[in-house]
Amino acid sequence: MDSCCGGPTNHEPGDRRSDNPGYDAIFDSRFSRSIAKRYGRKGLRPAERQIVEFLSGSGIEGATVLEVGGGVGEIQLELLKRGAARALNLELSAGYEEDALRLIEQEGFGGRIERRLGVDLATEGHGVEAADVVVLHRVVCCYPDYAKLLGAAAEHARRALVFSYPTSNVMSRTFIRLMNGLLGASGNSFRGFVHSPVAMAGVLRSQGLEPSFHWKSPVWHVLGAARPAQP
């Protein structure tokens, strides 16, 4: 099962430090290099492709993108290639920055992607501007209060929101329990979560976003939601 990305923080908005040793120990520069290297060789993974396809089909031309926990930023890069105007990435783990900045320059998107380190949207969303579309890939499963995180993300989505989450079944819950046990035994504070898909979709509906897209694989699901068109 692929690792999740993200988690709570105590930084002030705009602070480019990270004091989350549990997350930084897992999502370090070596983990980042493996993600960037794979993207360079093979492009997006299936769930990431579905995220990009959903947003492209919803109309991405000229749109602003907010991604929470975007890692090295491969989804943002692909959305800009398809016509998005600019992107903002909120990241909690410092290990991605070097690879992310290298990819931005490599693809020629310098000045169109902003990266902020140490900003928790759920608790510091007042300092983050709204965007046309919001993305959370492999993030919700690493945040204890899914309702607060998804609620904040939905508030920042003017047109659409798409997120991924692990399959909710006995196997995934057992995997998460075992992973959390091993991390706890090693002294790492990182924890993973398998939240209720129905409850997560309900949070989006409560914020005026109607789920309209659902893709699933044995490991990951992708849910896309959009605001109803204004008459």
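The model is predicted: local features need pLDDT of at least 70, side-chain atom pairs count only at pLDDT 80 or more, and totals for chains, interfaces and linings use all residues. Residues are numbered from 1 along each chain as its sequence is written, and side-chain values use heavy atoms, with hydrogens and water left out.

**Overall fold**

- The chain holds nine helices and seven strands. Helices (H or I, at least four residues) and strands (E, at least two) are DSSP runs, numbered from the N terminus.
- Of its 231 residues, 52% count as buried. Buried means under 20% relative accessible area, exposed over 50%, and partly exposed in between (1.4 Å probe, protein chains only).
- Take the contacts between residues at least 6 apart in sequence: 71% of them join residues at least 24 apart. Contact means heavy atoms within 4.5 Å.

**Nonpolar cores**

- In soluble globular proteins, nonpolar side chains tend to be buried together.
- The largest nonpolar core has 37 residues, and Leu55, Ile60, Val65 and Leu79 touch the most other members. Such a core is a set of buried Ala, Val, Leu, Ile, Met, Phe, Trp, Tyr and Cys residues joined through side-chain atoms within 4.5 Å.
- At least two residues each come from helix 2 (29-42), helix 3 (46-59), helix 4 (74-81), helix 5 (97-107), strand 4 (131-136), strand 5 (157-166) and strand 7 (220-226). Helix 3 gives the largest share of this core, five residues.
- Beyond its neighbours within four places in sequence, Leu55 contacts Ile60, Leu79, Val133, Val135, Ala160 and Val162.
- A second, separate core has 30 residues, among them Val119, Leu136, Ala154 and Ala157.

**Strand 5 and its partners**

- Eight of the ten residues of strand 5 are buried, so this strand is largely enclosed by the rest of the structure.
- Strand 5 pairs with strand 4 in the parallel sense over five bridges. Two strands pair if DSSP finds at least two bridges between them.
- Val162 of strand 5 is the bridge partner of Val135.
- From strand 4 the chain passes through helix 7 (residues 146-155) to strand 5, a right-handed β-α-β crossover. Right-handed means that, with the strands pointing away from the viewer, the path from the first strand over the helix to the second runs clockwise.
- Strand 5 and strand 7 run antiparallel, joined by seven bridges. Ala160 stands opposite Ala226 in strand 7.

**Helix 7**

- Its buried residues are Leu149, Leu150, Gly151, Ala152, Ala153 and Ala154.
- Their cover includes helix 6 (121-124), strand 4, strand 5 and helix 9 (197-206).

- Asp132 is found in strand 4. Asp132 counts as buried, at 13% relative accessibility.
- A polar atom of the Asp132 side chain lies 2.9 Å from the backbone nitrogen of Thr64.
- Arg138 lies in the loop between strand 4 and helix 7. Arg138 also counts as buried, at 6% relative accessibility.
- Most residues other than glycine have a negative phi. Arg138 is not a glycine, yet has a positive phi of about 55 degrees.

How values were computed. Polar contact = N/O pair within 3.5 Å; in protein donor to acceptor, adjacent residues only side chain to side chain.
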